[in-house]
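This report goes through a single protein chain, from its overall make-up to selected side-chain contacts. Please keep the sequence and the coordinates at hand while reading.

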Amino acid sequence: MMEDHPKRQLKATNIMANKTQLPCDGDGICMLCKAKPSDLETITCKTCVTPWHVDCLSSPLETLASTLQWDCPDCSSPPEDVSLPPLGNNPLPTTPSSDLVAAIRAIEADVSLTDREKAKKRQELLSGKLQSDKDDPDANKEKTKKGDDVLDLFDERLNCSFCMQLPERPVTTPCGHNFCLKCFQKWIGQGKNTCAKCRCVIPSKMASQPRINSTLVVAIRMAKLSKSLVSGGPQKVYHFVHNQNRPDKAYTTDRAQRNGKANAASGKIFVTIPSDHFGPIPAENDPERNQGVLVGECWEDRLECRQWGAHFPHVAGIAGQSNNGAQSVVLSGGYQDDEDHGEWFLYTGSGGRDLSGNKRTSKDQSFDQKFEKSNQALQVSCLKGYPVRVVRSHKEKRSSYAPEKGLRYDGIYRIEKCWRKVGIQGFKVCRYLFVRCDNEPAPWTSDEHGDRPRPLPKISELKKATDITERKGGSSWDFDESDSRWKWSKAPPTSKRPVEAEDSASGKRRKIRQSRNMSVRERLLKEFSCRICREVMSLPITTPCAHNFCKPCLEGVFVGKTFLRERSSGGRALRSQKNVMNCPCCPTDISDFLQNIQVNRELLDVIESLKSKVEEWDASEKLCEEVIDEEEEGKDGSTGNESSSLVETTRKRAKVDDLE
């Protein structure tokens with residue numbers, strides 16, 4: 001049985017007294033006459049701010065002045081002869097309806113509160129939360145303490161408007177509002193092309209191809225990780241990959257530096273693994289950095305990706321041998337049949353195109369694909385459950401999970417099924433179901449832990465598929481419940497191309513400089529840096545391509561440029577041409593966005609809160625150092641002024657506790 005609260009009792013009373021009075025719904029349609037009145041035909045209650053249809057009110061308004069102080073039937077005092085019916089078996093301690101309305105009016109009359117704070121207090125009052133906080137001061141104190149946590153700062157300001165949770169794979173609209181990718185796609189799928197919060201129009205390109213805001217992904221993950229460490233959870237080292245921490249450019253021969261990159265494969269390999277190495281690349285195979293290849297690591301091109309061993313072929317999308325298995329694949333949008341869903345994707349095999357002569361760039365399929373060569377290598381990995389490294393390329397324009405530029409290592413996947421079906425171009429293609437099974441979180445998620453075994457998705461095209469291959473025995477790469485991690489359950493396949501490790505006597509191992517210890521708030525502020533000035537963003541904005549800049553910095557890039565270019569020929573004026581203004585970080589045209597730049601207010605609130613917390617933390621640390629220095633001086637000095645110094649030290653310690 002649902003419990004009562006004062007608002008429900010008040011509505012029940014007025015519905016009994018006025019059965020035919022109903023307000024307008026969220027879309028502005030009257031719930032009584034089912035019509036959508038105009039602005040002149042609606043009136044808003046001054047207490048609950050609910051719109052009502054004037055023509056459907058039982059008692060019409062007498063004067064124009066009365067509309068400014070009008071209370072709706074739900075907020076007005078009920079008639080004295082009407083008694084409140086019992087609506088539940090276990091009602092809350094009831095507050096008289098007149099007292100409730102008086103409390104709401106007191107909140108509205110408080111000039112010290114902003115509109116947002118008034119709305120929050122009204123919600124707390126109607127839900128009974130405000131009264132419970134007064135009755136339980138310990139809970140209120142715990143709430144205040146909890147509000148100081150970094151994750152709680154995010155919860156208050158960055159929640160998705162649909163699911164009211166921190167955004168999972170956050171998408172930021174040009175108007176500066178953040179949503180989960182799934183919630184955003186569901187909203188767009190309903191045919192709505194406006195923002196759910198401010199009703200601003202969403203660009204059609206962003207609606208069809210939303211981009212994940214990678215800055216928010218990293219920030220939320222760091223906040224979650226700090227929460228788990230503070231709460232006493234197991235300490236886990238997580239590497240955050242930044243371009244400035246990468247090693248210098250790889251050594252290449254003169255031949256490899258000639259026109260184009262026809263000899264790109266001649267560059268130096270930085271990792272000590274053979275080309276047929278299966279699974280992740282650990283730290284012991286990385287003598288240069290001693291950290292291995294990390295999930296989320298990015299490279300400029302296929303040459304650099306090859307030099308770090310993530311994917312050795314610099315042209316082919318599949319690395320493998322037909323009798324041994326496949327070690328890695330690259331998602332680059334080469335086939336129209338590919339489907340990318342992040343944690344799982346449908347991959348199309350190679351072949352089926354005539355690449356003879358000058359047809360090397362042909363994307364038209366002219367014959368069927370078969371399970372042979374590299375396609376057979378993927379089939380072997382499916383049958384034996386081998387781990388496959390997956391690299392995503394920026395060339396995959398249809399995927400929301402592709403990187404903004406270059407290539408990115410996205411971790412270990414496992415092929416669960418493979419089959420053949422008739423593709424979009426009318427010829428048979430080999431299809432593979434990849435499912436992620438890595439111990440590190442994906443680059444697009446805010447999770448602080450890796451994957452867990454998940455049920456396989458339903459694939460509709462399997463109904464018409466042929467040559468279906470499924471693994472019947474155990475997997476070589478599987479999840480160990482005792483260790484709660486993915487690892488080899490069987491011995492990994494031995495390499496047929498062994499590589500000699502670098503001689504420790506002659507080889508040089510680069511020493512990594514130890515970075516200064518920073519608090520979580522300082523690291524988060526560093527993540528919220530502008531792509532142009534490299535400083536913490538002031539007035540942050542998010543472009544439709546999910547890049548974050550300071551508003552003055554972005555405006556400075558395009559200063560002096562006009563949106564339209566006037567043209568003329570022989571003294572005759574021609575039609576004006578639109579100037580293309582590319583994003584400073586990618587080729588996306590953002591000229592429409594620049595005409596009405598909206599500051600990301602949610603992100604601005606988070607940055608300002610983090611700055612204030614960092615300042616408080618610095619003040620506390622400085623004061624603590626002063627206390628320690630004075631205590632040491634007191635031990636070494638005379639005892640003449642012991643009482644006064646003790647009082648001063650005690651005061652400073654109390655101040656430190658207040659700051660913390």
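How many helices and strands are there in the protein chain?

## Overall make-up

The model is a predicted one, and its protein chain holds 16 helices and 19 strands. Of the 660 residues in the chain, 42% are buried, while the accessible surface comes to about 37,700 Å², with 50% of that area belonging to carbon and sulfur atoms. Among contacts between residues at least 6 apart in sequence, 61% join residues at least 24 apart.

## The annotated RING-type segments

An unreviewed UniProt entry carries the annotation "domain: RING-type" for residues 160-199 and 530-586. Over residues 160-199 the chain is 22% helix and 15% strand, and the C-alpha atoms at the two ends are 15 Å apart.

## Surroundings of Asn548

Asn548 is placed in strand 17, which covers residues 548-550, and its relative accessible area of 3% is under the 20% cut-off, so Asn548 counts as buried. Its side chain makes polar contacts with the side chain of Asn213, at 3.1 Å, and with that of Thr215, also at 3.1 Å. Leaving aside residues up to four places away in sequence, the residues that Asn548 touches include Ser529, Cys530, Arg531, Met537 and Leu603.

## Helix 11

Helix 11 spans residues 374-384, and because eight of its eleven residues are buried, it is largely enclosed by the rest of the structure. Among these buried residues are Asn375, Leu378, Gln379 and Cys382. Just after helix 11, Gly385 takes a positive phi of about 70°.

## Aromatic pairs and charges over rings

The count of aromatic pairs comes to 14. One of them joins Phe162 and Phe179 in a tilted arrangement, with 5.4 Å from centre to centre and 45° between the planes. Phe162 lies in the loop between helix 6 and strand 3 whereas Phe179 lies in strand 4, so the pair ties together parts that are 17 residues apart in sequence. Phe162 is partly exposed at 32% relative accessibility, whereas Phe179 is buried, with a relative accessible area of 1%.

Tyr401 and Trp444 form an edge-to-face pair, 5.1 Å from centre to centre with 70° between the planes. Tyr401 lies in the loop between strand 10 and strand 11, and Trp444 in the loop between strand 12 and strand 13, so this pair ties together parts that are 43 residues apart in sequence; both residues are buried. Phe278, Tyr386, Trp477 and Trp488 form one aromatic cluster. As for charges over rings, the charged end of Arg289 sits over the ring of Trp308, 4.1 Å from its centre, and Arg353 lies over the face of Tyr335, at 4.0 Å from the ring centre.

How values were computed. Residues are numbered from 1 along each chain as its sequence is written. This is a predicted model: local features need pLDDT of at least 70, side-chain atom pairs count only at pLDDT 80 or more; totals for chains, interfaces and linings use all residues. Side-chain values use heavy atoms; hydrogens and water are left out. UniProt positions are given in the numbering used here, feature names are shortened, and annotations may be inferred rather than shown by experiment. Helices (H or I, at least four residues) and strands (E, at least two) are DSSP runs, numbered from the N terminus. Buried means under 20% relative accessible area, exposed over 50%, partly exposed in between (1.4 Å probe, protein chains only). A polar contact is a pair of N or O atoms within 3.5 Å; within protein, one must be able to donate a hydrogen and the other to accept it, and residues adjacent in sequence count only if both atoms are side-chain atoms. Contact means heavy atoms within 4.5 Å. Accessible areas come from the Shrake-Rupley method with a 1.4 Å probe; for residues, only the protein chains shown count as cover. Rings of Phe, Tyr and Trp (its six-membered ring) pair if their centres lie within 6.5 Å; planes under 30 degrees apart count as stacked, over 60 as edge-to-face and the rest as tilted. A charge sits over a ring if NZ of Lys or CZ of Arg is within 6 Å of the ring centre and within 35 degrees of the ring normal.
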